[in-house]
Amino acid sequence: MKHARIRYQGQTHNVLVNEDHSVTVNGQRLSADDVTWLPPAQGTVFALGLNYADHAAELAFKAPTEPLVFLKSPSTLTGHQQVSVRPDNVAYMHYECELVVIIGKTARHVSREHAMDYVAGYSVCNDYAVRDFLENYYRPNLRVKNRDTLTPIGPWWVDKADVADPANLTLRTWVNGKLTQQGNTRDMVFDIPFLIEYLSSFMTLSPGDMIATGTPEGLADVVPGDEVVVEVEGVGRLVNRIVSETEYENLRGR
Amino acid sequence: MARGRILLNRQVRDMTLQADGNLLLDNGNPLMESPQWLAPVTGTVYGAALNHCSLVESLAGAFEDAPYKAAPQAPVLFIKTSNTQIGHGAPIPFPAGVDRIQAGGALGIVIGKTARKVSAEQALAYVTAYTVVNEVSQPEDSFYRPAVKAKCRDGFCPIGPWLIDARRVDPHTLVVETYVNGTLRETNRCADLVRSVPQLIADISSFMTLEPGDLLIAGTPLRSVDLQAGDTVTIAIDGIGRLENPVIAEEAAR
């Protein structure tokens, strides 16, 4: 089943998503276009850097020997069919298609053998980065990775049972309909059980926590007007649009 | 007046500290017993690293070398996840398998209204309260990668005991004292912050939105105070409060 959080007529609802991507709210069937899609879970957001060997090579890094984990706050998250702002006067802002693991129960000192028992399901995120703002302090820093609107996630999360093998899923990104990024979760440097074992070895994970597991090679610059679609096979297809700062301010002012 | 959150009969309750020193529950009833304090905020907790002169001066010679290659331009931020946040009196677990942990006495700045692209001149109008924070961390020998493992362990961010209305406080003149087992071990001054409180809010809100209930940790100095299991650590800011927590071996805290 697909689980989503949506806003409709000023109210937030936790809903199940139907086969045709409609949702049912208070007995009323609403089409996907009639609702505002919100991030599908609420918790701590972990993200992985350089977790695909090909992508690490693309960025001229050797793959790390320990997971490169960074954190995101709710302020950067947005939902399906929303906009993301490209700052004025920057040279390089790129998308990153990622599989997201949704934690389903409290996890502390979990071994990799038992790690999947703590997974509720999976989602998709687009972990945008503005590389102009990279500095070599806590890299990748929040100014690169935690900007308002720059982490679309969703449209929903799917139950673990609905994904046969999370270690063999195709990831794809299209910009304006053109395929620009393609990879497979089998190429992760640190797989999902390892990441849960690693994180829970030093901190407690809670239901709703999210782990964005990194992106393969195939980065490209995106500019205002671009439609960016990231898809993880069998999990979801997340659509969003790049806007300029001016357009964003106009949208907010409406 | 001070505002706090406590756990009473397994329920989270708001309370106030009256000018006469009495505690009042959210329904006006008096509270005469010593309560179980919770962290007094519920939003995202952000910290500013490298924001105290003592720390920056100690590193200045290294900024031009690898891996940094240049001095930091934007605020160097980190996130203290929800599993780190504990109240006054709650134990700080000393993790098994870890050699050293250190106290991090600092001012906590509580956001009162949504702050986005706020100027330094206007910034203090977005602060509703101040509190005391102990930003516990393992020692950091590098600031190159995000310090999740060093800073996000369970119980590594005592906050409180309460919030003090911002109207009564000049954040530039505050002095933060750290005591271990009653002995003064460190004194630092908010006047020595690299970015003042309003400048910090302005620089952060230029790229991400701060929400009501979010907390900013103004900046810990060059760390000098090691903690051991069995210690009691107190962070005191005159006019704000005394935040006291025992340090307990992780096995005993579980």
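In strand β19 of chain B, B:G241 is the bridge partner of B:I237. That pair belongs to a set of six bridges between β18 (residues 232–237) and β19 (residues 241–249) of chain B, two strands that run antiparallel. A quick word on names: helices (H or I, at least four residues) and strands (E, at least two) are DSSP runs, numbered from the N terminus. Two strands count as paired if DSSP finds at least two bridges between them.

This is a predicted model, where local features need pLDDT of at least 70 and side-chain atom pairs count only at pLDDT 80 or more, while totals for chains, interfaces and linings use all residues. Residues are numbered from 1 along each chain as its sequence is written, with chains lettered from A and ligands numbered from 1 in the order in which they are written.

Back to chain B. β18 and β19 sit in an open sheet of five strands, ordered β9-β19-β18-β14-β15, with mixed pairing. Its edge strands, β9 (92–94) and β15 (183–189), each pair on one side only.

| Partner of β1(B) | Residues | Bridges |
|---|---|---|
| β2(B) | 11–17 | seven |
| β13(B) | 157–165 | two |
| β5(B) | 36–38 | three |

How do the two chains meet? The contact takes 31 residues from chain B and 24 residues from chain A; residues are in contact if their C-beta atoms, placed from the backbone, lie within 7 Å. On the chain B side, β7 (76–80) and α3 (148–151) each supply at least two residues, and β7(B) gives the largest share, four residues.

Finally, the largest nonpolar core has 142 residues, and A:V100 and B:A218 touch the most other members. Such a core is a set of buried Ala, Val, Leu, Ile, Met, Phe, Trp, Tyr and Cys residues joined through C-beta atoms within 7 Å; buried means that 20 or more other C-beta atoms lie within 10 Å of a residue's own, with C-beta atoms placed from the backbone. Strand β11 (residues 97–103) of chain A gives the most to this core, with six residues.

Conventions
Contact = placed C-beta atoms within 7 Å. Buried ≥ 20, exposed ≤ 12 C-beta atoms within 10 Å, placed from the backbone.
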